[in-house]
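Here are my notes on the model, as numbered points. Please read them with the structure open.

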Amino acid sequence: MSAAQKSLALHLGLIGGLFALAFILPTYHHGNFARIMVLATYAIGYNVLFGYTGLLSLGHAMFFAAGMYGMGLAMQYGGVPALPALFLGIIAATILAAVVAVLALRTIGVAFMIVTLMFAQTGFLTILYFGEWTRGDEGFVLQQKVRQIAGLDLSDPMTRYLAAWVLFSVALLATARMMHVAFGGVLVAIRENEERTRMLGYNVFAHKFAAVVISGAIAGAAGAAYGLLFGYVGATFASVQYSIFPLLWVLLGGAGTTIGPFIGALFMFYLIDYSSGLTSAYMLIAGVALVLLTLFARAGIAGEIKRRWAPWLP
Amino acid sequence: MDFGPYLLLASLEGAVGAAVLALTAVGLSLVFGVMRVVNVAHGEFYMIGAVVAWFVATTVGTHPALGFVAALIVAPLVAAIIAIAADRLVLKRVNYDPEATIVATIGILYIIQQAALMGYGPEARPVEPPFNHRIALPWYDFAAGEWFYPWGLGTTSYKLFVIAVAIVLLLGFWALMTRTKVGLVMRATQLDWDMAQAFGIPVDRVYALVFGFGAALAALAAVLIVPIQQAHYLMGGDPLLLSFIVVIIGGLGSVRGTVVAAILIGMSDGIISVFFTPTLAKIIATMVVALVLVFRPQGLFGTKAA
Amino acid sequence: MLKKITDRRTLLKGAAAGGLLAATPLASRFASAQSDAPIKIGFQQHSTGIGAAYGRWYGRTTEAAVKKINGEGGINGRPIEIVAEDDGTDPKRGAEVLEKFANQHSCDIAFGTLFSHVVYGSAPAAGELKLPYFVVSEGHHVASGALNRWTMQPGITDVKSQVAAMAPFVSKNLGKKVTMIFPDFAFGHDHRDFFTAAIEAQGGEVLEHIAIPPTETSFTKYFPKIPRQTEVIYHVMVGPGVLTFVKELGEFFGPSRPEIFGFIDSLEAVDMSSPGLEYLEGTYFWEGMPRYAQASQSAHEKAYRTAVGVDDNGASLSDSKDVSTYAHMFGCWETLHTIKAGMEYADYQGPQDRQKLIEAIESMSIMPESAAHPQGAKVFNGRTHQTFGHQYISKVENSKLVLAHATSIADTFYEDEVDYTKMSF
């Protein structure tokens, strides 16, 4: 098999496996996997910018939240049905990402990190400032009866799982495809050497701009879906820690690999879930795990596998 | 309150914030400048300073001033020892790789935070200031042509003390960096790692020293602020963000720039709050700083790109 | 205020049901005890994150209540087993924890959440899992109708009734021109909206609303926004910055301060004799339950205080520096007792009876002051899933809180905003 065939098989295998799990997993893990697939979609969006393009953002929570609030506010106050609201959420995140890209891309490196962080902080405070509509930190609940698409009740565990699965599959295949075509190659080239890429005649800004917008749109789609599937919209999702999460997931799973974001989100979720059962000091365990990972598996889980055993891994 | 006195009051408050911020940020700037390490756990060393100050102050229970002075010595030491251990055990082993150090220091952040929660608890606890007097400040009334004491215009002797101590410490730091051999070694390592090593500078030990020193500065800042604010295990987040902002705005590795940026940001936080409702003021202050960075990405004093 | 009259009538009607409830447990306890497997209660605890100080004391109170209930024969002869899970005071994790309770631990019900945003984040999961979810949050979320039939707050009063009951005292005793200082998030906005309306109904007015951003750590710069003619400052702050807030307020005003009225939420788990708090001498606080043992304390309260391990100053018996969240944590104790009463009334056998449990509690009304309700009598409103009770106002004297006024329960009533009993399960 060629590398391309292998990677296609891998992606379809993962998607097929997750589909099969919908009918096998015990109730509790079934629910967890639905969450993890949405969070992994968020991480996939993050990976486009960080893993492939090499831009470290600490403000992705604003895109996640823009998707969530774009969807939630439209449903709550505009009475918009779920599916169009989902798209409104994605549009909101995309527009925000475009504006942020134009401004933040004037900076690079640590300054880019800080600028995105500050924009996200502004976003978080803005949500609090307009508390009359957003209900600030408390947020608001989307009632079960409005969370329906084409008569399918998204609060039903199986429907919800499959909806999350569709979202995840689309994001995974779309980004895998993107990295397979020339566009993705240019992104990687920018990550490796921006100057040289520019000298080769590529429009570096346009590519970086596109990367931020695509990344923001995917993060926004994940945010909108999370709100819709789990029925809650709140400012917590716009806070700093929700910007740090996708960075951790991607680094743990393997930055710049297609399946890394999923592995990272899965690993982190269960690490916290299991260790919180053992001790209330589960953040200590999470902290130790992070340190150990940097010491012994720097490239992340998928990254290590790629380095040691499977160089074809996309 | 009238506009003039209000502005003075807000400026004074801003100055206290700026003083503490400058100390914290200089520590971060040093680590960043010399080691090229983004230390996400910097805020936790600040928190350690505050928590240790509480422990010391409650153990040395005779007079608040005694506990405070003891804390000024002990807290930075403890923070430095923990930082040096972190450097030896973790950062050195990942060869200070930029991405790896970010993740590792996030891990260290969680570890320190959780350890503080378990050992110290979730409460916010106060430390008694060594002295504290309310000082009413006068204002000149141009219409009446006389000085008077406006309602609410005042500060405390301790707050003025914080500003003074911060200035002394910063001058001391500047003297250390420019007038001593230790400072020379640090600056040499910052300028050119390879060259420094070629000249026989023990870069390893310099790194450990710098990391410990940076943490100690953060802890020192926290000891100063903890009689005004309280020690709490989650208190490290804000100073971390602000320090990062200050370090970038000031220009990477530029100590002078860092101090000026700390003053700008600390003061603007106070002064902008005069003109807007509080949350809107925060939004505007954050946005302004972000835009400064956007349009001057090398910082106010930096010469090279980040 | 028309509503008060009808509410008094339901109150009387409910008295009969209350008597019935009080009588049934003894009769049914052994008759229907078919299983002696423990009843598993999932305890959503704020062990880490911003709510950790509350979470610790909610944990201790829960433990004490379970010990008492189990010592007296448990629920229907079955012991209670608490399954505690940390939610990190995070709404996302909160929802996950509820799923864990229902699907992993096979808990019968979930209980114990304090922070409103965690309640909002978790309630949809409770509705979908059809898991009875008893919150101890004092938020207005339940009674506002924003949640669902599976979520109830039977053990602690909500902010709307607390705030409304304060206005008469403030306007009569402290002044009519009020400046409010509150955190700029939903909890603060509830105070802003409800108190402003309540004080206006008393003929007073709010001169200025000062909303402080929740991340703020220094406050003096906002105080000049307090209008000079302010007679009363009304403050309610939460989080680790509150001590600074109070201290700086004192430093700002110096010797000539207006009257100050605050919600003890500002100083829960904080020692009143902490340095800087001497400025609060002579100011007033709302308390859910008086932290310092009062001369008038009931035998029930005394027993409760001992059971949860708190001394006469509201601090831990083992460590006088470890101050409790006394004004809120009784809610855990009372909620667990109400759950017991509800389960025994519904003859609860297992998860298949969850709906019967909700209906049983919805049918409750009067809860007399007792060992189960040491904070005082309650009137539960089954339609809004919210309980109503006495509120206490204390004055700081010699660094202690001394009870100055107790409101009646009727003072805390307001018109229903929802009827959950008409919603489907």
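1. Two strands count as paired if DSSP finds at least two bridges between them. Keep in mind that this is a predicted model. In chain C, strand β6 (residues 177-183) and strand β7 (residues 205-212) run parallel, and seven bridges join them. One example: C:T179 has C:E208 in β7(C) as its bridge partner.

2. Next, the largest pocket. Its volume is about 1100 Å³. The lining has 39 residues, and those closest to the pocket centre are A:F50, A:G54, A:L56, B:P98 and B:E99.

3. Which elements give two or more residues to this lining? Chain A supplies α2 (27-52), α5 (109-129), α8 (182-192), α11 (240-253) and α13 (282-296), and chain B supplies α4 (98-119). The largest share, five residues, comes from α4(B).

4. Last, the contact of chain C with chain B. Here 38 residues of chain C touch 35 residues of chain B. The two chains bury about 3200 Å² between them, with 58% from carbon and sulfur atoms. On the chain C side, C:K221, C:P224 and C:E251 lose the most area to chain B. Together they make up 18% of what that side buries.

Methods. Residues are numbered from 1 along each chain as its sequence is written. Chains are lettered from A and ligands numbered from 1 in the order in which they are written. This is a predicted model: local features need pLDDT of at least 70, side-chain atom pairs count only at pLDDT 80 or more; totals for chains, interfaces and linings use all residues. Side-chain values use heavy atoms; hydrogens and water are left out. Helices (H or I, at least four residues) and strands (E, at least two) are DSSP runs, numbered from the N terminus. On a 1 Å grid over the protein atoms alone, a cavity is a set of points where a 1.4 Å probe fits but cannot get out, and a pocket is an open set with protein on both sides within 12 Å along at least five of seven lines; lining residues have an atom within 4 Å of a point. Grid points are joined across faces, edges and corners, and a volume is the space filled by probe spheres set on the points. Contact means heavy atoms within 4.5 Å. Buried area is the accessible area (1.4 Å probe) that two parts lose on being put together, summed over both.
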